Structures are given as structure tokens and as C-alpha cells.
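Welcome, and please open your viewer. We will go from the whole chain to a few selections.

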Amino acid sequence: MKDRKAILALLLGVVGLYVAVLFCTELGYYACLPHRPTPIHGRVCRMIIGNHTIRYGSSGEFRFREVMLDWVAVPSVLLAAAIVIGYRMAAANTIEAHRLAKWEDS
């Protein structure tokens, strides 16, 4: 049971970390990147951020954002696994509680 709790915490931690990094990246790019390309600073890669807002960033910023968006399926699978483990833990606790209640009634 403790192993399942640890695995559940780890899965939810990884998903939470991914969501936080993705959210902060999107928010930071929206707030800091220019509306027009600035070749002097190397910000020529066009990105569509948030609600269809166009921003221009460097190739490194563009690649980082693309990798984050490409890997969105991994946290989704981890979240699904965490939900299944949590459901199984809740079901096991319910079954155990019913067994104890029956034993106490006897």
C-alpha cells in the first residue's frame, strides 16, 4: 500500500511539474517575446502563443516549446496511470473497510 502511495505521488509530481513548466513557458513567452521579428537579437522564429497571439523567439526558444508540446502525451498517460492507481487504492480501502465492519458485527 505504501508503494502505491509513493508511485501515485511520483506520478502526480511529474505531471504537476510538466504542467507548471509548460504554463510558465507559455506565460513567459507571451509576456516577454516581441510581436515583430527582431533579427538583431535573433528572434525570427514565429510562434503562436495562447489565444492565437503571434510572438517571435530564437530558434532555441522555438525548439524548447515544440519539444514541450510534442511530449504532452507522456504526462497524459502518467495522469491516467495515477487515476487508475488511485481508484484501485480507494477500492481496496473500501473493500477492507467492509470486511472490518462485517468482522466487528460478528
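Which pattern does the chain follow, read along the sequence? The answer is α-β-β-α-α, with 3 helices and 2 strands in the chain. Helices (H or I, at least four residues) and strands (E, at least two) are DSSP runs, numbered from the N terminus. This is a predicted model, where local features need pLDDT of at least 70, side-chain atom pairs count only at pLDDT 80 or more, and totals for chains, interfaces and linings use all residues. Residues are numbered from 1 along each chain as its sequence is written, and side-chain values use heavy atoms, leaving out hydrogens and water.

Start with the whole chain in view. Its C-alpha atoms fill a box of roughly 80 × 20 × 15 Å along the principal axes. Of the 106 residues, 21% count as buried; buried means under 20% relative accessible area, exposed over 50%, and partly exposed in between (1.4 Å probe, protein chains only).

Next, select residues 45-49, strand β1, which pairs with β2 in the antiparallel sense over 5 bridges. Two strands pair if DSSP finds at least two bridges between them. Find T53 in β2, the bridge partner of I49. The hairpin of β1 and β2 has 3 residues between the strands, and G50 takes a positive phi near 60° there.

Finally, select L12, which sits in helix α1 (residues 2-32). L12 is partly exposed, with a relative accessible area of 43%.
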